[in-house]
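Here is a short report on a structure that may be new to you. Take a look at the sequence and the model first.

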Amino acid sequence: MALLITDECINCDVCEPECPNGAIFQGGEIYEINPDLCTECKGHYEVSQCLEVCPVDCIIVDPDHVETEEELLAKYERITSETS
Ligand code: SF4
Ligand code: SF4
């Protein structure tokens, strides 16, 4: 699953630079995650980096973007091949 930032986000800016896929961006009111780029950090890290650093725990798994580990790794392969 891609992850989702809820409206409890306090715009602290901590998560954005931690994302290895550049999936986090400043939205209209709070930070947002591009589900096309979020791999749950699969391929890069064992744990989701944004979840690790968010001080208010406002990041959840996105129920509208359910993906298997294989799909997440395929997304990782696509992203890294596009950017390298
Ligand atoms: Fe980025 Fe990883 Fe968070 Fe997804 S889980 S938004 S890839 S830091
Ligand atoms: Fe929002 Fe959490 Fe990211 Fe801070 S770390 S900008 S509170 S989602």
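How many residues surround ligand 2, and which are the closest? There are 13 residues around ligand 2, and the closest are Cys 9, Ile 10, Cys 12, Cys 15 and Cys 54. A residue is near a molecule if one of its heavy atoms lies within 4 Å of it.

This is a predicted model: local features need pLDDT of at least 70, side-chain atom pairs count only at pLDDT 80 or more, and totals for chains, interfaces and linings use all residues. Residues are numbered from 1 along each chain as its sequence is written, chains are lettered from A and ligands numbered from 1 in the order in which they are written, and side-chain values use heavy atoms, with hydrogens and water left out.

**The two ligand shells**

The shell of ligand 2 holds 11 nonpolar, 1 polar and 1 charged residues. Ala, Val, Leu, Ile, Met, Phe, Trp, Tyr, Cys and Pro count as nonpolar, Asp, Glu, Lys and Arg as charged, and the others, Gly among them, as polar.

Around ligand 1 stand Leu 3, Cys 19, Pro 20, Asn 21, Ile 24, Ile 33, Cys 38, Thr 39, Glu 40, Cys 41, Ser 48 and Cys 50. By class, this shell has 8 nonpolar, 3 polar and 1 charged residues.

**Asn 21**

Asn 21 belongs to the shell of ligand 1. It sits in the loop between strand S1 (3-5) and strand S2 (24-26). Strands are DSSP runs of E with at least two residues, helices are runs of H or I with at least four, and both are numbered from the N terminus. Asn 21 counts as buried because its relative accessibility is 11%. Buried means under 20% relative accessible area, exposed over 50%, and partly exposed in between (1.4 Å probe, protein chains only).

**Salt bridges**

The whole structure has 2 salt bridges. The term means a side-chain nitrogen of Lys or Arg within 4 Å of a carboxyl oxygen of Asp or Glu.

| Salt bridge | N to O distance |
|---|---|
| Lys 75 and Glu 67 | 2.9 Å |
| Glu 82 and Arg 78 | 3.8 Å |

Lys 75 is buried, at 7% relative accessibility. Glu 67 is partly exposed, at 22%. Glu 82 and Arg 78 both lie in helix H2 (residues 69-83), 4 residues apart, about one turn of the helix. Glu 82 is exposed, at 55%.
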